[in-house]
Amino acid sequence: MDQSTVPFRSLVEMSEVATYQLLDGKRCGDALKEEIAKGAAAVKAKRGRAPHLAAILVGNDGASKTYVEAKVKACESVGFRSSLIRLPESISEDELLARVKGLNTDEELDGFIVQLPLPDHIDADRVLQAIDPRKDVDGFHPVNVGNMVLGLPGFLPATPSGICELLKYYNVETVGKHCVVLGRSNIVGTPMSILLSRNAYPGNCTVTLAHSRTKDLTSITRQADILVVAIGKPEFVTADMVKEGAVVVDVGIHRIADVSKKSGFRLVGDTAFAEVAPKCKAITPVPGGVGPMTITSLLLNTLKAAGR
Ligand code: NAP
């Protein structure tokens, strides 16, 4: 583990200097982006055009718009070309599938994503399965999921692979550790459990995958050397649920009302940071932890697609 333990008084509001390592996704992401920018320049020199990522955004959901805009901005920062395709909320499933098929055959495009969630009248699984796996830089297509399970080449899902990059950057030991993943979604919890149980680094953990039907959750999470929290509930994980000296990775992101802020809200994760952090060996902040790593992984996947 990096020895530069970070003092973080303001967040933890403690009287003493904190002794935990902050797993800084912005710092790690920025370091990786420098490498990605070099890769983008090399692709441009070889192929005569920069890597190109497109994002389809259906409807006007504010959070989705913010996420997509951040992805587009990240593309610009590393010299990629990006295209934002905005479609109305009322678009039919067939029309959306036709747009996806068009992007599959667009030779000027290396990869694309369909921002989730989609409106209720559209079957998201059908849309994701229509994406050509070779352009599926979100890593959600069953072919890429299957390749991940088998350890074959393919695109890894952005959030779990971003977490792996972060663990690598901070040399977090994983071999033989008990990792508890809290949440079993297809995009975060389940792939995270697979990646950390693989015979690789980071990996070789003994993994427990917990979910809403798990009995006596606290007794399980307290066994975790590494606790990955992707539950979608603000500040759900409290200090009593965490073992002393654990590494905690908080995937959640929520806006909660805060009258002391100019904006009227603050961002929190699925973990009650102020009380959990002092028990940890290392922990990700929210914001600035997993979020920037998800975007960086998407760029890495796009570079890989462009290099093929
Ligand atoms: P999700 O699809 O809502 O899945 C939540 C999981 O948590 C489910 O497996 C659910 O179990 C489990 N769960 C819910 N309540 C529980 C409880 N009381 N006890 C135990 N398990 C419980 O969420 P997601 O898509 O994985 O996202 C999780 C969080 O991460 C959200 O806050 C999301 O916004 C955030 N996120 C952040 C990023 C990023 O880049 N930072 C990326 C993706 C997601 P069941 O399966 O039994 O229902």
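This report walks through the ligand site of a predicted model, then looks at one residue beside the ligand, Thr294.

## The shell around the ligand

Let's start with who is there. The ligand is surrounded by 23 residues, and the closest of them are Arg184, Ser185, His211, Ser212 and Thr294. By residue class, the shell splits into ten nonpolar, ten polar and three charged residues.

Helix α11, which spans residues 290-307, supplies the largest share of this shell, with three residues.

## Polar contacts and cover

Val251 and Ile253 take part through the backbone instead. For Val251, a backbone N or O atom is 3.4 Å from a nitrogen atom of the ligand, while for Ile253 a backbone N or O atom is 3.4 Å from an oxygen atom of the ligand.

As for cover, the ligand on its own has 930 Å² of accessible area, and the protein covers 69% of that.

## A closer look at Thr294

Thr294 is one of the closest residues to the ligand, and its place is in helix α11, the helix that gives the shell its largest share.

Is Thr294 buried or exposed? Its relative accessibility is 18%, and the cut-off for buried is under 20%, so Thr294 counts as buried. Setting aside neighbours within four places in sequence, Thr294 is in contact with Ala158 and Thr159.

Conventions:
Residues numbered from 1 in each chain as written. Predicted model: local features only at pLDDT ≥ 70, side-chain atom pairs only at ≥ 80, totals over all residues. Heavy atoms only, no water. Near = heavy atom within 4 Å. Polar contact = N/O pair within 3.5 Å; in protein donor to acceptor, adjacent residues only side chain to side chain. Areas by Shrake-Rupley, 256 points an atom, 1.4 Å probe, with all protein chains shown as cover. Helix = DSSP H or I, 4+ residues; strand = E, 2+ residues; numbered from the N terminus. Nonpolar A, V, L, I, M, F, W, Y, C, P; charged D, E, K, R; others polar. Buried < 20%, exposed > 50% of the residue type's maximum accessible area, 1.4 Å probe, protein only. Contact = heavy atoms within 4.5 Å.
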